[in-house]
Structure formats: structure tokens, C-alpha cells
Amino acid sequence: MTDDDEAAFDEFLAARSTALLRTAVLVCGASAHDAEDLAQGALEKVYRHWPRIRHDNPEAYARRVVVNAAISRSRRRKVIQEITFARPPETAAPQSDLDLRDTLVEELRRLPARMRAVVVLRYWEDLSEMETAALLNCSVGTVKSQAARGLARMRARIGALKGTTV
Amino acid sequence: MNVEEALKAAMSEHVADVRAPAMMGQAVRRRHRSHVLRSRTAGAAMLTVVVAGAIPGLTALYPDPAPAGGLNGPATARSESAAPATDKSELAHPAATTCSYRMDTTGTAVKKVGMPPSKPDLKAKTMTIATNHGTIVIRLATAQAPCTVNSFAFLAKKNFFDNTRCHRLATPEATGLGMLQCGDPLAKGDGKSKDDGTGGPGYVFDDENLGGIPYTRGTVAMAQGGEDANSNGSQFWISFSDDNTQLASQGSAYTPFGVVLKGMNVVDKIAKGGFIPFKGDPMADVRGEGSNAPKIPVIIKNVTVSH
């Protein structure tokens with residue numbers, strides 16, 4: 001790694017690490033503190049391969065690492081098998097005094113990890129169905145159905161909040 | 001406003017205050033250096049993965065290959081050594097007298113039989129697991145883990161575990177840990193079903209007795225995500241290797257609640273049979289993609305908790 005590489009990596013961090021951390025927070029449904037570990041791990045991988053990938057969309061690479069790490073951690077079901085990073089808050093579910101934003105974020109946390117990743121990539125990162133499928137290494141059909149199911153759950157929660165359907 | 005827009009606005013607002021720390025570059029580089037060090041120290045990528053994040057030292061990576069008891073050793077597994085440890089934990093973690101169980105809202109597959117009573121039976125002494133390969137008797141650390149034991153007593157009475165399959169076998173040779181994992185009510189135990197290891201009783205409860213019993217051979221502990229505290233359900237694991245003590249140094253929160261008194265030979269026989277690697281790749285288990293299932297099918301016939 002040359003000095004130039006190091007400097008370019010610092011620039012990359014300054015420009016992109018906050019966005020990456022935000023993605024990590026949303027994708028794992030975790031606190032910023034927990035997500036930081038995930039983002040840091042992804043950035044370490046970026047750093048490891050930096051001279052090779054620096055000219056080849058390192059942000060997309062980092063995002064892929066974060067998203068896949070969040071999903072695979074969530075599958076670590078019990079004993080090195082599951083992290084439910086995405087544990088919903090301890091408070092009981094439907095409280096009508098929660099505002100819309102809290103309700104949606106809470107519902108987002110409750111989604112299964114892969115569905116949550118699809119929803120975040122599609123509606124927060126604004127990736128296309130095809131880009132999302134490529135990033136998650138799944139079919140476009142899966143992206144469509146997961147996104148639709150995720151949105152349906154959001155709608156249901158909003159409906160329950162307002163007493164009407166949206 | 002449609003739901004997509006509402007969601008996007010909610011997500012944006014939710015992370016608006018999140019900022020990467022100024023020291024991120026330093027942290028990443030530090031992590032990189034320790035990663036490089038780890039790979040070199042461990043010598044084998046496989047072991048690096050298993051103990052990722054915590055290298056207690058070479059002794060933990062390459063422990064005494066002949067743990068107490070041995071593969072065909074006496075059925076009694078270190079009940080003497082467990083006693084002082086549990087006594088110590090009683091001082092460190094005073095046991096709860098009422099237990100609280102919460103609905104499992106994580107959307108995992110469940111077999112529902114209701115919720116355990118909030119008042120634990122503190123007289124429970126042993127748990128007996130009858131399997132298709134013989135019986136395993138566990139001395140329960142009821143004083144130290146009353147709510148865990150209470151949950152098992154409840155589930156056992158509901159026949160929750162009857163005809164369930166132990167879905168996961170880890171061996172020290174393959175993945176650095178030695179354990180048989182059971183208690184997923186929906187597991188197929190075929191090394192192919194990706195949902196194996198995700199099932200539960202529809203409720204979760206808090207960790208107990210952490211650090212109270214080391215994860216050495218013979219220890220029985222609750223299964224949960226390595227990083228996810230306080231999400232115990234019905235899955236548990238039986239340690240047959242002292243290698244598992246490295247889990248504690250990783251800070252993993254697996255509630256230890258008993259020690260095998262009789263039947264380690266049953267576990268050893270199952271372990272000796274080897275496992276079916278999940279989708280043909282033994283390391284997929286370590287990556288959390290699925291479970292390596294015992295090659296010899298293990299079916300729990302009945303569980304009883306007695307005084």
C-alpha cells in the first residue's frame with residue numbers, strides 16, 4: 001500500500017463512511033453503536049483489498065459486504081448462528097401514540113433480515129430491482145416478492161395505526 | 001403519501017444523526033493489523049473464522065487433544081469440577097425468584113405451547129433426555145439458572161421436545177467447537193434445511209448464570225446468537241469438548257444451566273458418527289448459513305425434569 005493509496009483511502013472514508021454506516025444501521029436494524037462494528041468490519045475488508053479495488057467502485061463493494069454480513073449474521077441462528085440484531089424494542093408492539101416514523105422504523109426492524117435488506121436497498125438506497133438482486137445474489141423475482149411483502153407489512157402497520165388502510 | 005415515500009422519509013430521519021466517527025480510519029487500520037496477526041497466529045483460515053475476534057492464545061486453539069473422560073471414558077462428566085463453579089456464580093448472580101418470558105416477536109418459526117409460569121420450581125434437580133440412542137441425564141443448576149430450568153420443566157411437561165431432532169453437530173476437527181445442538185421443535189436435522197436452528201417456543205427469556213459454568217465437556221447451555229443476548233428459547237447444546245471454552249472469551253452469552261451426569265457416551269457416539277456438511281460445505285455452518293447435521297439421526301423421544 002503506497003502513501004497515495006493510504007491518502008485515497010482516507011478520502012474515501014471521509015466521503016463515504018457515514019453513508020455506509022447509515023446503511024448498516026438500517027440493514028441490521030441495530031443501534032449506531034452495533035452497526036459501527038459491522039461497518040468497520042466491511043471497511044477493513046475494503047482496506048485489505050484497497051490497492052486493487054480503489055478504482056473500481058469501492059463503495060459498492062463495501063455496501064455489499066455490509067449487507068451480506070448483516071444477513072448472514074441474522075442467519076446465525078442459535079450458537080454462532082443467529083444474531084437478531086434486529087430485535088424489536090422491548091416495548092409492546094402496537095401503541096397508537098407512536099408516530100408514523102417510529103412505527104415504520106420499528107416494523108422495519110421486525111422484518112426478516114433479507115427482506116429488510118431488500119427494502120433498505122430499494123427504498124433508501126434507491127437501487128433498482130436488478131441492482132438489488134445483483135448485490136444480494138438472488139433473482140429479480142425474489143427482490144420483487146420480498147419488497148412487496150415488506151411494503152405490505154408496512155402498510156398493515158400504518159393501517160393499524162390510523163385505523164384505516166393506506 | 002404512499003408507503004414507499006413514507007418509508008423512505010422514516011428511514012432518512014432515523015439515520016439523520018448517525019455519523020461515522022472521526023477515528024474510523026484508525027479503527028479500521030487497527031482492525032486490519034489484528035486481522036493480519038490473527039491469520040498468521042492461527043495458521044489455518046478455518047480456525048481463524050471460528051475464533052474470530054478473540055484469540056485467547058495458542059493454547060485455546062490447540063488444546064489438550066484428550067479432554068477429561070475421553071471418547072469412551074466414564075459416563076460421568078466432571079460433576080466435581082462443576083460444583084465450585086456453580087457455587088461461585090450464585091454469589092455473582094443472585095437467582096431470580098420470579099421469571100419473565102416475552103413473546104418472541106422476531107418472526108422465527110415457532111411451536112407454541114403457551115408460556116411458562118412466572119414462579120420457578122426451585123426444587124428441580126435433574127433433566128432426563130431420552131433419545132433414540134440412549135438416555136442423557138443432566139444435573140440442573142436450578143439455583144443459578146432458575147428461569148431456564150423453569151422453561152425446560154414447562155416445555156417438558158407439554159411434550160414440546162418429543163420426537164424433535166437434534167439438528168446440529170459441531171466437531172473440534174472441523175469447526176473448532178464440539179457440541180450437539182437440539183431443541184429446535186421444527187428442525188429436520190438433515191443438513192439440508194436452512195431453517196434448522198431457527199425454531200423456538202414462541203417466547204424468549206433472559207440470560208442467567210453467565211460465567212457460572214465453563215463451557216467444558218459435559219456442560220449444557222442455551223443456544224442463542226453469539227452477539228444476541230437475552231434471546232433464549234428452547235434450543236440448547238451439550239458440550240463434548242473443552243474447546244468450547246473459547247466461546248466464553250468471545251463474550252458469548254450462552255446460559256449454562258446444567259452438567260451431564262450420565263450419558264456422555266451417547267453424545268460421544270453421535271459425535272463419532274460425524275456430520276453431514278450443510279450443502280456439502282462444512283464451513284457454511286460457521287458462516288451461519290445453515291447447520292451441519294449429525295450423520296446419525298438423533299431424535300429426542302421424551303424429556304422429563306424431576307426433583
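Residues are numbered from 1 along each chain as its sequence is written, and chains are lettered from A and ligands numbered from 1 in the order in which they are written. Because the model is predicted, local features need pLDDT of at least 70 and side-chain atom pairs count only at pLDDT 80 or more, while totals for chains, interfaces and linings use all residues.

**Exercise 1.** Determine how H6(A) packs against H7(A).

*Solution.* Step 1: helices are DSSP runs (H or I, at least four residues), numbered from the N terminus. H6 covers residues 113-123 of chain A and H7 residues 129-136 of chain A.
Step 1: their axes lie 10 Å apart, at an angle of about 140 degrees. Axes are lines fitted to C-alpha atoms over the stretch in contact, with angles from 0 to 180 degrees between N-to-C directions.
Step 2: this angle makes H6(A) oblique to H7(A). Angles under 35 degrees count as roughly parallel, over 145 as roughly antiparallel, 65 to 115 as roughly perpendicular and the rest as oblique.
Step 3: A:Ala117, A:Val118, A:Leu121 and A:Arg122 of H6(A) meet A:Thr132, A:Leu135 and A:Leu136 of H7(A), contact being C-beta atoms, placed from the backbone, within 7 Å.
Step 4: by class, five of these residues are nonpolar, one is polar and one is charged. Ala, Val, Leu, Ile, Met, Phe, Trp, Tyr, Cys and Pro count as nonpolar, Asp, Glu, Lys and Arg as charged, and the others, Gly among them, as polar.

**Exercise 2.** Characterise the packing of H1(A) with H6(A).

*Solution.* Step 1: the axes of H1 (residues 3-28) of chain A and H6(A) come within 8 Å and cross at roughly 140 degrees.
Step 1: the two helices are therefore oblique to each other.
Step 2: the contact joins A:Thr23, A:Leu26 and A:Val27 in H1(A) to A:Arg116, A:Ala117 and A:Val120 in H6(A). Four of these residues are nonpolar, one is polar and one is charged.

Conventions. Contact = placed C-beta atoms within 7 Å.
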